[in-house]
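This briefing covers how the chains meet, how they are related, and how parts within a chain pack.

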Number of protein chains: 2
Amino acid sequence: MSREPALTAEAGGRSYPVHLGDGLLAATGELVAEAKLAADAALVIHDANVANYAATVATSLERSGLRAPLLSVAPGEASKSLAEVERICRHAARNGVRRRDAVVAVGGGVIGDLAGFVAASYQRGVGLVHVPTTLLAMVDSAIGGKTGVDLPEGKNYVGAVYQPGAVLMDTATLASLPPRELSCGFAEVVKYGLLDGEELFSVVESWPELPGPADDLADLIRRCVAHKVGVVQADEMDLGVRATLNLGHTVGHGIEAAAGYARYHHGEAISLGLLAALRISERIAGLDPEWRERTRRILERHRLPVRLDSAVGTADIEDRMGRDKKADAVSLNMVVLPRPGEPQTNADPGREMVREAIEELRG
Amino acid sequence: MSREPALTAEAGGRSYPVHLGDGLLAATGELVAEAKLAADAALVIHDANVANYAATVATSLERSGLRAPLLSVAPGEASKSLAEVERICRHAARNGVRRRDAVVAVGGGVIGDLAGFVAASYQRGVGLVHVPTTLLAMVDSAIGGKTGVDLPEGKNYVGAVYQPGAVLMDTATLASLPPRELSCGFAEVVKYGLLDGEELFSVVESWPELPGPADDLADLIRRCVAHKVGVVQADEMDLGVRATLNLGHTVGHGIEAAAGYARYHHGEAISLGLLAALRISERIAGLDPEWRERTRRILERHRLPVRLDSAVGTADIEDRMGRDKKADAVSLNMVVLPRPGEPQTNADPGREMVREAIEELRG
C-alpha cells in the first residue's frame with residue numbers, strides 16, 4: 001500500500017508527510033517503513049489512557065518487520081519532566097534502540113512534547129513519528145517541531161525544535177475523546193479561523209457540534225494544519241511570523257497559570273485569551289467588534305468558557321503573563337488582529353489595557 | 001578592540017569564529033558583545049577547578065554590560081547527567097536567563113558537553129560560547145557541536161548537535177594544566193597528525209616537550225582545529241567522513257570502559273587505541289609499520305601509555321567496544337589508515353584481528 005499524504009510540511013530545509021484519515025493507526029508500520037524512518041526498532045511512547053491505540057500501532061510496526069517496544073507514560077503535564085526523559089531514554093537503551101531507529105509518540109500534546117524531546121536528544125537525535133490522538137495535538141502540537149519538558153520555574157523551559165519524520169492523524173481516535181477535550185481542541189481551531197481569514201472562520205462558525213461529520217472534520221483539521229505548516233515553514237525558529245500562532249495565548253497562558261493549571265484546561269484558557277486578544281485588537285488595531293461577538297458565540301456553542309471565574313485574580317494573571325518565556329522584559333509582545341487573516345505581532349497594549357480586557361472577561 | 005579570529009568554522013549553514021591567543025579570557029566580554037551572542041545575561045558554567053578563570057570571564061562579561069551569573073560544576077564525568085542539566089537550567093531560570101541570552105562554558109570536555117547540551121535545550125536553545133581550558137577540549141570537544149550527558153547505559157546517550165556562536169581558546173590556561181592532562185590532549189594531537197598527513201605528523205613528531213613554546217603551541221592547536229573544522233563542515237551530523245575522527249577510538253573506548261573509566265583517562269586510552277588501529281591498518285590496509293613505530297615513540301615521549309595493563313581483560317574490552325553507540329549491530333565500523341592523511345571508514349577487521357591487536361598492546 002502506498003498513500004498520498006494529506007499534505008507535506010517543510011521546515012528547516014527538510015520535509016515530512018502529514019497523513020490524515022480514518023483508521024490510519026493500523027497503517028503505521030507501512031508508512032514508517034516506506035519513509036525509512038527506523039532501521040530496526042521503533043519505541044512506542046504512549047499516554048496510559050490510549051494503550052489500546054498504542055497496541056494497534058505496535059502491532060502494525062511489527063508486521064512491517066520492526067521491533068516495537070512499548071512504554072506507557074502517566075497522563076498529565078507532570079509527566080513533562082527531565083526525570084521522565086531519563087526514564088524513557090534508559091528504557092530505549094535497554095531495549096537496544098539505536099541511532100537509526102525511531103520514537104513513535106501516541107497521545108496528546110504532553111506525549112508529543114515529551115517523546116519529541118526524547119527523540120531529539122536520545123543518542124543526539126533519532127527518528128520521530130507523531131501519532132496525535134487528540135484534536136488539540138492534531139491541529140497544534142504535532143506540527144512545527146516544538147518539543148520540551150517543564151521546570152518548576154516554567155513550562156517548556158527545556159526542549160528542542162525538532163521536526164518529525166512523519167505525522168499520522170487517525171481521525172477515528174477522536175471518537176473516543178472526552179467531550180471536554182474535543183472542545184479544548186476546538187478553541188485552537190477557532191484561533192486558526194481568526195488567523196487564516198473569513199473563509200475558514202465561516203467554516204468554523206457553521207460547525208454544528210463536535211466532533212461533526214467525519215469527512216468534514218478531516219478537512220477542517222487539514223486546513224488548520226495547512227495554516228500552521230505555512231507559518232512554520234516561513235519561521236521555524238520562532239523569530240518572526242510564527243509568533244502570530246500565539247494569538248490568545250498571552251492572556252490565555254496567564255489565566256491557565258494563575259488558576260494553577262487546574263481550573264482551566266489549556267484550550268479553555270485559550271478560549272478566554274482569544275476574547276481578551278480580540279477586545280484589545282478592537283482598541284488598538286481597529287477590529288470590528290462584530291468578530292468578537294461572533295467568536296464568543298462559537299466558543300459558547302462548543303462549551304468553552306467565555307466568562308472568567310471570579311476565583312482567578314486579575315493581578316495573578318498579569319503576574320503570570322510576565323513570566324511567559326517569550327515575553328520580553330519590558331513589553332508583552334501580544335498578537336492583535338485588525339481583521340481576520342491579518343494578525344500583527346509585537347503589539348504592546350500596555351498593562352492598563354490588558355487589565356481592562358481581563359476584567360471585561362468577568363462579564 | 002576588534003580581533004580577527006584565528007579561523008572561522010562552518011557547520012549546518014552557520015559559521016562561528018574560533019579565537020585563539022594568549023590572555024584571551026579577559027576579552028570574553030568584548031568578543032561576546034561584538035558577536036551579539038547575549039542580549040542581557042551570560043550564564044558562566046565552569047569546572048570547580050577553574051573558578052579563577054571563570055571569574056576573569058565573568059568580570060570581562062560584566063564590563064561589557066552583561067549580567068554574568070556563575071555556576072560551579074563538580075569536576076569529572078559524573079557531572080554529565082540529566083540531573084545536573086536540570087540543576088543548571090533551574091539556576092538559569094532563577095537568574096533570569098532568557099531566550100536571547102547565552103551560556104558560557106569554561107572548562108574541559110565535561111563542561112563543554114554538559115553546558116553545550118544545556119545551551120541547546122534551555123528554552124529550546126540559547127547562545128553558546130565555548131571557553132575550553134584544556135588541550136583536549138581545545139583540539140577536540142569544543143569544536144564540532146557534539147554535546148551531551150551520560151546514562152548508566154552509555155556515555156553521551158542523551159545530547160544534541162549544537163554549534164557554538166563562538167569559541168575562545170586562551171593558551172595561557174594550559175600553563176596551569178596538570179602534566180597528565182596535557183599529555184591526554186596530546187594523544188588527540190597525534191591523532192590529527194595521522195589524519196591530516198605527513199606534514200602535520202612531522203610537526204607533532206618533532207614536538208620537544210609539553211606544553212612547548214607558546215606561539216608554536218597556538219599554531220599547533222590552530223592546525224588541529226582547522227582539520228576538525230573541515231571535517232565537521234563536510235559532515236556535521238556524523239553520517240560519513242566525520243567518522244574518520246574516531247581513529248583510535250573504537251578500541252580506545254573499549255579500553256576506557258573496560259577499565260571502569262578509572263585506570264586510563266580518555267587520552268591515555270586513545271593512545272593505546274591509536275596503536276591498535278595502526279596495527280589493524282597494517283594488516284588490512286597496507287600501512288607501512290614504520291608509522292606505528294614512529295607514533296609509539298611520540299606517545300611514549302609524552303608519557304602516554306603504549307602498553308596495556310594486564311588487569312584490563314581483552315574480552316571485557318571487546319565486549320565494551322560492541323556497546324559503543326556508533327557501532328553497528330554486526331560490524332565494528334573502524335577507521336583504518338593506509339597512509340597518513342588518508343583515513344578510511346567502515347572497515348571491519350573482524351573480531352579475531354581486533355583481539356590480536358589488543359593482545360599485541362600487552363607487549
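How many residues of chain B are in contact with residues of chain A? In this predicted model, 25 residues of chain B contact 25 residues of chain A. The two copies are related by a rotation, and chain A is divided into two domains, domain 1 and domain 2.

- Four elements of chain B, namely α3, α4, β7 (146–151) and β8 (154–161), each supply at least two residues of the side that touches chain A.
- The most comes from α3(B), which gives seven residues to that side.
- By class, the side of chain B that touches chain A holds 12 nonpolar, eight charged and five polar residues.
- Of the interface residues of chain B, 100% are also interface residues in chain A, so the copies meet through the same surface.

**Relation of the copies**

- Chain B is superposed on chain A by a rotation of 180 degrees with 0.0 Å of shift along its axis, at an RMSD of 0.0 Å.
- That is the relation of a two-fold axis.
- B:L82 is the residue of chain B that comes closest to the rotation axis, with its C-alpha at 3.5 Å.

**Packing of α3 and α4 in chain B**

- Helix α3 (residues 82–94) of chain B packs against helix α4 (residues 109–121) of chain B at an angle of about 55 degrees, and their axes are 10 Å apart.
- Angles from 65 to 115 degrees count as roughly perpendicular and those under 35 as roughly parallel; α3(B) and α4(B) are therefore oblique to each other.
- The crossing of α3(B) and α4(B) is right-handed.
- On the α3(B) side the contact is made by B:E84, B:V85, B:I88 and B:C89, and on the α4(B) side by B:L114, B:F117 and B:V118.
- The residues of this contact between α3(B) and α4(B) comprise six nonpolar, one charged and no polar.

**Domains of chain A**

- Domain 1 of chain A spans 7–176, and domain 2 of chain A spans 179–360.
- Taken over C-alpha atoms, the centres of domain 1 and domain 2 of chain A are separated by 26 Å.
- In chain A, 26 residues of domain 1 are in contact with 27 residues of domain 2.
- On the side of domain 1 of chain A that touches domain 2, β1 (7–11), β2 (14–21), α5 (135–141) and β8 (154–161) each supply at least two residues.
- α5(A) gives the most to that side of domain 1, with five residues.
- The residues of that side of domain 1 divide into 15 nonpolar, seven polar and four charged.

Technical notes:
Residues numbered from 1 in each chain as written. Chains lettered and ligands numbered in written order. Predicted model: local features only at pLDDT ≥ 70, side-chain atom pairs only at ≥ 80, totals over all residues. Axes fitted to C-alpha atoms, helices over the stretch in contact; angles between N-to-C directions. Parallel < 35°, antiparallel > 145°, perpendicular 65-115°, else oblique. Left-handed = near helix turned anticlockwise from the far one by under 90°. Contact = placed C-beta atoms within 7 Å. Nonpolar A, V, L, I, M, F, W, Y, C, P; charged D, E, K, R; others polar. Domains from an automatic or database assignment. Least-squares fit on C-alpha atoms with pLDDT ≥ 70 in both.
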